[in-house]
Amino acid sequence: MSLVASIRSAMLPILGRVRGLVAAASVALVCLAAAGAPAAPLHPLEPLGADELAAVRSILAKSGRFSARTDFSWVQLDEPPKTVVGAFKPGADFPRRAYVAAVDFDSKKSYDVIVDLKTGQIAALTDLGDMEPGISDHDTEVARATVDADEAVKAALLRRGLTIPGKVSDRVIMQFAAIGRDPGLERGHNRLIRVLFASDQDSVNEFSPFLDGMMAVVDVFAGRVVKLIDEAAAPSRKVPHDIFRLGGRRPQPPPSRRAATGVTVAHNTISWRQWTLRLGFNLREGLVLYQVAFSDAGRPRPILYRAAVADVITAYGDPSASWSWMELLDEGAFGLGASSIDVRPGREVPASAVVVSPVMPDPAKARFSAVSRNRIYAYERDGGNLMHYRQGDLTFHARATELVIGFMSSLGNYVYAFNWIFRQDGSFAFEADLGGEILTKFVRAEDCGVCRAMAQGPGPGGEPRTYGPDGDDRFGTFVHPGLVGLNHQHWFNLRLDFDVDGTRNAVAETNLKRVEEGAAGAGARGADRFFTAAHTVFGRARDARRDVSDESARSWTIYNPSSLGVGGRPAGYAVVPGHNGSTAFGESREQGPAGYTFHHLWVTPYRDGQLYPVGAHPSRAGSGYADTLFHYADDEPIYDRDIVVWYSLGETHFPRPEDYPVMSNTTLSVDFRPDGFFARNPVLDAAKVYDK
Ligand SMILES: [Cu+2]
C-alpha cells in the first residue's frame, strides 16, 4: 500500500555508474550525460534528457496557457508509435515529444499536455474535467498547510489527548493518500487528498497505528478541509511498533564483495550473455524494458518490444468508515518511479551490483530535472542447478547464473522490489518482492476471539468445523493486545508487449486433459492416470481473459504462427504461473480500474498509448470511465496480430503475528519460458562432464 506521497522526481537518460566492483574488468559503462556534456538522444525510446527537460519547462512557461501556480509534476517521454520505432535506423531523425500532466491551482483545472520538442510548441492540450492526475509533493505540502490552519482538526486531536503546542504538523505525523474509493465525495473542480494521523507522537517510525475514527479530507484547490471524520473509537495505546528503536540487535557479518561479471550497460542498453535490452525509467512505471532480444547462434531474435509493471493496487478488506475507502493506486496515483529509492550495493542489492542513475524530471529544479541516484540495478546471482544428469560416476552438470534487473519503490508502509530475472537458457521471470510494515488499527478487545472459539476443535464427530472471527478482529488478525493487523490484497499487473520473432503473434492456452480409458496396452488398462494436452487458440481479445488453474496445469504460450521450429512447432514463450490470488473486488468493479484483478491473463490488440490497465487517470474514475483493460479487451482479433499480454499477480495478505512490527519479505513471481523458440536446449555448451 502506499500512503505517503513521496518525493516527486521523474525519469530519464541514464547515467551509468559502477559501484562495489572489486575486479570489474568486464563491466563497461558509458555515461550518456556526464555533467556539462549532455548528449543528444540517439534512439527514439531514450528517456528525455536534461536539456530536453529544460526545453519542456521553457515551452510550458512561454505558452501562456498556465498560471504561475501550476504543478507540472508528471513528465515523461511521449513514446513514438511502435511503427516509428520499428522503422528507425541509427542516425536518422525521430520525433521527440514530452507528456506532461499539468495541475493549475488558479483555474482549478488539470490538463494532459503534449510538448513537441522539435517544433518548440505545445502540440496538444486536453482539459481533464473531473479526472485527477496523480498526487505530487506539491499536493501534500498544500494539504499539510491546510490541516495546520484548521482549528477543528487541531481541536479534535487535542480532545484525543495529543500534545500540540504549535502547528499540528510539528508534533503529529500525518500520512497523505489519494482519495481512494469514496463514492460519497463530491466531484467537480476539486482535488482531494486524504489525511490520516499517527497515534504515536514520539516515535521515529512513521507508521504507528492511526488515531482510530479520525481522518480529514482536504481540497487542495480550495485550500480547506472539506470533511473531518471525528467519531467515537478505540482508544490509542503504546504498542511496540517502533522498529527503529528495537533493542538487542545481533551484529551481522558484512556482505561478501564479489565482482560483477559480464554485465554491460552502454547507451541505455544492457547486455548480458545472449541477452540485450534497452532501459527506460519514468515517474509512473519506474523501470521499462524495451526491445528484449536473445542472440541465437549470433542472430538477435526479438522477444519483447516493451515490458513494465503497468499497475499496482493495494486494497484493504475492512468496511468500517475509517478504512472502507482504502484502495491505493500505488502506481497510478503515486508513481513507482516517483517513489523509487536509491539502493546501495552491499545493502539492498549485492555488493557486485551495477547501479544506474537516471535523470528525472523535477519541476522544483531550475532546469526541470535532477539525477536520481542508484535507481536501477543489475546483478548476477546464483540460480541453482541449471542442468544435471548423473550416470554412475559420470556427471553432466552446469550451475546457473541469473541476471537480475530491477528497482525498488518505497510506497508508504511497504517497500516493493520489482525484479526481472534473465536466465542462460532463454527463460526469464518477474518477481515482486514485498517488504515493510502491515497497517494496524486499535480495537477495544484485548485478544483473539476466534482463537478461543477454535480451541473447541473439529465437530463432535470429527467432522471439519469452520470458524470465522466476528468481533474486533473480523477483518484482521490480532498482532498485539488491542491491535489488529488488517486484511488486504496486493495486486500487480505486468504489461508485456511480446514480439516473438516479429510483431505478428498469437496466444494458445494449454490444459491437462485426462484420458478416461487406458489405451496404452492391456497391462495399463484401469491404471486411470492417462492425460494429454489440449491447446486452445484464441481469436478475439474478449475470449482471452483467463485464470490460473492448478488443476489443469494451465499455461499460455505466446507464439509466432509464421516462425516454425522443430517439427513445425511455432516459436513461442510460455507464461508459467507461480502462486497467484483471486480478486476480492465485487462484480460492479469489473469494468473499472480494478477490473484487471478479475483475471490473471489478458490479451489485447496492440494500440498506441494503451499502457496501463487502469487507464491514464484512474484516481477518481467514475461510472463512465472507459479507459481500462476491460474495455481494451474487446471483440477485436488477436490471432496473428501485434498483441499485448497483461498478467495480473495477486497476493491476499491475512496478517500473522510474525508480520508485526515489521514483516519478513515475501515474493510473488511468474515465469516465461521458451517453448519451441529453440530447436533444443540452447545452453548445452555451459555444461561440464565430470568422471568422478
Ligand atoms: Cu501485505
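Is D106 buried, partly exposed or exposed? D106 is partly exposed, at a relative accessible area of 45% (buried is under 20%, exposed over 50%, partly exposed in between; 1.4 Å probe, protein chains only). This is a predicted model, in which local features need pLDDT of at least 70, side-chain atom pairs count only at pLDDT 80 or more, and totals for chains, interfaces and linings use all residues. Residues are numbered from 1 along each chain as its sequence is written, and side-chain values use heavy atoms, without hydrogens and water.

**View A. The D106–R69 salt bridge.** The closest N and O atoms are 2.7 Å apart (salt bridge: a side-chain nitrogen of Lys or Arg within 4 Å of a carboxyl oxygen of Asp or Glu). D106 sits in the loop between β3 and β4, R69 in the loop between α1 and β2, 37 residues apart (helices, H or I, have at least four residues and strands, E, at least two, as DSSP runs numbered from the N terminus). R69 is also partly exposed, at 45%.

**View B. The R546–E509 salt bridge.** N to O is 2.7 Å. R546 lies in the loop between β27 and β28, E509 in strand β26. R546 is partly exposed at 24%; E509 is buried at 2%.

View C. Y414 is buried, at 0%. H490 is buried, at 0%.
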